[in-house]
Structures are given as structure tokens and as C-alpha cells.
Amino acid sequence: MSRPLHRGISGMRISGNNHDLWDSQMKDKTEKEDLDRNRSSDHSYLSLQFPLKVLLADNNSPSKYGSRENGFASDPFSIGTPRSRHKLTLLLLKLSLVVILVLALTGSLWWTISISASSRGQILHNYRRLQEQLVSDLWDIGELSLGSSRFKEVEFCSQESENYVPCFNVSENLALGFSNGDENDRHCGQGSRQSCLLLPPVNYRIPLRWPTGRDVIWVSNVKITAQEVLSSGSLTKRMMMLDEEQISFRSSSMFDGVEDYSHQIAEMIGLRNESNLIQAGVRTILDIGCGYGSFGAHLFPKQLLTMCIANYEASGSQVQLTLERGLPAMINSFSSKQLPYPSLSFDMLHCARCGIDWDQKDGSFLIEVDRVLRPGGYFVWTSPLINARNKENLKRWNFVRDFAENICWEMLSQQDETVVWKKTTKRNCYSSRKPGSGPSICSRGHDIETPYYRPLQACIAGTQSRRWIPIEERRTWPSRSQLSKSELAIYGLHLEELAEDSANWKTAVHNYWSLLSPLIFSDHPKRPGDEDPSPPYNMLRNVLDMNAHFGGFNSALLEAGKSVWVMNVVPTTGPNYLPLILDRGFVGVLHDWCEPFPTYPRTYDLVHAAGLLSLDSGKQRRCTMLDIFMEVDRVVRPEVSSLRLGDNT
């Protein structure tokens, strides 16, 4: 009986006799010929089976030279060997690369076909932003590369200049021939900017954090004396208390004067109290000659934003003390120029013994009030002239009353020394007047929406604007900050553009706050054992945005719950979105940054200048980077101040 067959590694059969060896050789030869005949036809079949065999291979298969359960050793070129598995891996990689390439080409083709016109526009917009940033960065590098040949060490100003405000020099203006109120205006000549750094007062102290700083300020930080406080009006004296170190402004909970006065104004409009002004469409108020900002301080917790404007004063300044309290204010006047605000921008104008002679210059001051007042807005005037009894004062009062009627204002009420008018919401009111009964309507050439250094006009402006929307028809605050599709169309914008801008600034504010937290949550110095306060009780209150664009930085700060107010500045060298900013319920102004800003030194906690330098990238520069940085140094407060300069890209 013959032995069982065993196939060796070399393919030879081991047998006990020559006959068996011959049979084995013949059989092997026959099998080899059959294998050669079928190799070509089986190759494709095996190649398809190759991956499947690997996936279905027995995990218990023996090693390369071991035997299987059927008694046969594994072939070195069989599917389960390492060499064959290496070939399989290469094949799988090739197949994977082919699949990935096909998917990539298909996806690219689909993306190219599906991209919309708006998407292409967004890509171009982002590309332009990157170009602007590149130009700005290259210009900055060029400035710095000049080194000492361009920049010299800046010296400090004398201590007498600690409250210096450029462009407001009354004595120089008088010497130049300005008079009749023009001497109070800003005149920025060639030598109006100082080439030195202003020093803070010797005893300067960090302001108390908000809201404590609203009611208590340090005497050493402002230029006012006890005699100036005592010589001020009776109402002002009752609202201020002065000691050796502090000036205390009585809050409404302690002093009923401002609260009663605000309540009276609301009742004269037909409202229950001042808290209902928001529901009546009032959000932004321009306070002319604001005293020390107590009217705006009382209204601020009621979501009413009051901007104080007053003439430049060398000492005892209304604007300086108001800003020191953390309230909106800037130097400006009605003397000869139009205000740097868009037409139809404020819901209410307020003047309580503001020192404006409204009957002068043929009513030009009242025409300017009408220009910046929104349709349906209110003009509140408190003056002893209203209750005048002598002939001269009665004549002046009659002129103001008649002129208000001729420009389509309705007198709502008169109580004591206060009168409230409401601007018309109907444009046809002006055309229905008797001929010659009032100022004419401005032509399109004279109806400039956002004037800058423009003389007072004798015609009624804003009637042809697409922004002529009564305050009652606008959404109330805070919904007003998110303009509707139809409102954005006035400025040629889409909802997607404003949404993208808002999203970018939300992220930026989050990042800013993380970086600023170690600084703004400090008490300078805090008492031992005290913890850093949480928002909104922090050192950051007054914010200056030098290039406000859509006002997105302002909006993001408020949405994040930061108790700040923002002066939104729109540079004259860039697109004018100031009307949009004020329509959103914020405050702002048009300004040329090659001139000093109309404010006192040390009035802002945070200066933000994203994208400012790139605005001039394509124009001949009228001022240097050093000029801008020196102006920033003048307006920021010591120690708590910060600067963000660059593009938010």
C-alpha cells in the first residue's frame, strides 16, 4: 500500500519506489500543462477574487512554510503570504487614489457650477480686503524702515498744556478777525497741532469704575475750581458737591430735580413717564449745552442715549466733566457751521438754558435743529425767555414761536419755562404753507446729507431723503440696531453683509475681552482680599472707534453686555456710513483724522482703529502715522487705555 501524497516545497513528491516516482512526475507534468493553458483565463478571475480572499482569509492560516489542515504546505506565492499581501496593499492604494481623484474632480466641477454671483462677489470682496491690508502693512513697514531719519524722539509738553485742545484758540481766532460767535468754532490751521506729548496732571487719579464714576469724579483730573462751581447756575450748584478731592453729582435717587424735570417732559409729550420715551420712538437725544451731563446720566439706565455738545471752555468745561463721568460728549457749537451729523439723525433735541439765542441769524439755528431732527422728533427748550414779560424778551419769544410754526413744528405743550415742539411727519406740509411764510426747501445741490465744515443754511434740508421715516414707524430699541431689508436697501446693502459684519465683530469682541481682562477688571489698586469685578462693573467705559464702518463694533459690545458707549467716527476719507450708524440707534460723527478730534485730553478708555490706515492707502498722505498716534496719545486715559490698530480680516 502506497503512502499518502505529500507536496514538498520544490514540487517534488517523495516516494518509496521508482514507479511511484515516475507516476508522480507524469502527473505533475500533466498538471503543469493544464495550469499553463488556464493561466490566462483564470488571471482576471483571480484578480477579482484577490481582495475578497484577503478579507475572507482564515485568521488561523499557518505561517509561510507551515502545513494547512488538508496536509498541503502554503505556497510562497499564494494569496495569504506576506509578499502577496504587499502586492494587494499596493493595488488597494492605487484603486484608492483613482477613486479620490475622481471624487475631487467631480466635487470641483460641482462647486464651480454651483457657485453663485453673490459668492463670487464675496470672494472678490475678501480679496480686496486682503489687498488693502497688504498695502497698509507695506506702508507701515516702509515708515518704520526709515528709522531715525523719519522719526525723532518726541518731547513732552509743558505742564501748562495738560488740558490743551487743538483748533480751539479763541484769542488767536479773534486776532485773525473771527467774531460774532465764529471765534468759538474750530479752526485747524497749519500750526494747530502740537508736536509734543501731553502730560497728565501731577495728581491725576484713575477714574472710579462705572457706575460709581458716573456720580463721583476726582477734582485733580479736570480743570475746575471751587469758585467756578459756586458761580455756576443755581440748578448746577444743587446738583454738585465739591470737596478737596472729589466732585459728587447727586444721582436721581438722591435728588429729585432731574427726575421731576424728565417726568415733566414725558407728560408734555403725552407719556406717563420718561421710561415710555422708548415706546414713543425716542432713542438718541442731542443735548445742547448739557451742563455736566446730569440729564443724560438720568436717562441712560432707561436705554436712552444722550450726546452732549457744548462750546470749548478753557476751564470748568461741560464736555470735559461729562466725559469724565463716562457719558457721551464732544465739543461743538451752533455759531456758524452746520453740525457734523447727518440730516434726520436724532429723535430729540434738548436745550435747558443752553445759551443759544435761537432768534438770532434769521432763525438759522432753528433750521439746523430741524435738519438733524427726525420726522416726528421733539425739540425741548427750557428758558426764562418763555415766561418773559418785558417787551424785548416777549418779542424774542414771539419770533421763536412763529418761526417754529413756519417750519411745520407743532407746539405740544408749554409749562412754566419749558416748551415742547414736534416736527412734522408730512413732507407736503412745507408745500402747503403760504408763500413767503417761512424758509424754502433746499435744492438737491444744497441738501448735503452729512456736512463737514459747511456754513449754516437758510433752507430746510432732508425732505428729499429716502431716510425720511417718522420715529413712530421705526422699530423701537433695541430692535432698531438690526435694520430691516428695506432700510438697508437705502444704503445699497444686503442683510447678508450686515450679518457677516456682525458675526465678525462678535468674535473680535470676545477675543479683545480675553486680552483686556487682566487690565480692565483691575481697581488700580484694589483693596486686599477684593476679587476682580465682573461686567459691567469695569474700568472700560468711554470707547472711541476711529473707523466705525457699519457700527458693528458698537453693536457687538452691547450684545455682549458690556456697559460702554461708543463714539463712532466715520473718516472723511472713506465710505460715509454715518447715517446708517445713527439710524441703528448709536451716536457718531464725521471727522478728518489728519485734524485733532474735538475733545479734551484723557477722555477715552479704549481707542479702536481697525482698518483706519488702509483708507489712505491709495491717496497722498496729508499727515503721518506719528501725527495719528500722537493724537491717540492725547485722547486716551493713562494706565487704563488701550489701542487696537489693524484690520479685522
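Biologist: How many residues in the lining of the largest cavity are nonpolar, polar and charged?

Modeller: Rolling a probe the size of a water molecule over the atoms shows where empty space is left. Here a cavity is a set of points, on a 1 Å grid over the protein atoms alone, where a 1.4 Å probe fits but cannot get out, and lining residues have an atom within 4 Å of a point. The lining of the largest cavity divides into 10 nonpolar, five polar and three charged residues. Ala, Val, Leu, Ile, Met, Phe, Trp, Tyr, Cys and Pro count as nonpolar, Asp, Glu, Lys and Arg as charged, and the others, Gly among them, as polar. The model is a predicted one, in which local features need pLDDT of at least 70 and side-chain atom pairs count only at pLDDT 80 or more, while totals for chains, interfaces and linings use all residues. Residues are numbered from 1 along each chain as its sequence is written, and side-chain values use heavy atoms, with hydrogens and water left out.

Biologist: Which residues lie nearest the centre of the largest cavity?

Modeller: Of its 18 lining residues, Arg186, Asn332, Gln338, Pro340 and Tyr453 lie nearest the centre. Strand S8 (329–331) and strand S15 (587–591) each give two or more residues to this lining, and S15 has the largest share, with three residues. Strands (E, at least two residues) are DSSP runs, as are helices (H or I, at least four), and both are numbered from the N terminus.

Biologist: How much space lies in the largest cavity?

Modeller: About 240 Å³. A volume is the space filled by probe spheres set on the points, and grid points are joined across faces, edges and corners. The count comes to 10 cavities of 30 Å³ or more.

Biologist: Which residues have the most contacts inside the largest nonpolar core?

Modeller: In soluble globular proteins, nonpolar side chains tend to be buried together. A nonpolar core is a set of buried Ala, Val, Leu, Ile, Met, Phe, Trp, Tyr and Cys residues joined through side-chain atoms within 4.5 Å; buried means under 20% relative accessible area with a 1.4 Å probe, protein chains only. The largest core has 94 residues, and Trp358, Phe379, Trp381, Leu544 and Met567 have the most contacts inside it. Apart from this core lies another, of 14 residues, including Trp505 and Leu606.

Biologist: What does Cys196 contact beyond its sequence neighbours?

Modeller: Contact means heavy atoms within 4.5 Å. Leaving aside neighbours within four places in sequence, Cys196 is in contact with Val154, Glu155, Phe156, Cys157 and Met630. Cys196 is found in strand S2 (residues 196–197).

Note on methods. Buried < 20%, exposed > 50% of the residue type's maximum accessible area, 1.4 Å probe, protein only. 1 Å grid on protein atoms, 1.4 Å probe; cavity = no way out; pocket = protein on both sides within 12 Å on 5 of 7 lines; lining within 4 Å.
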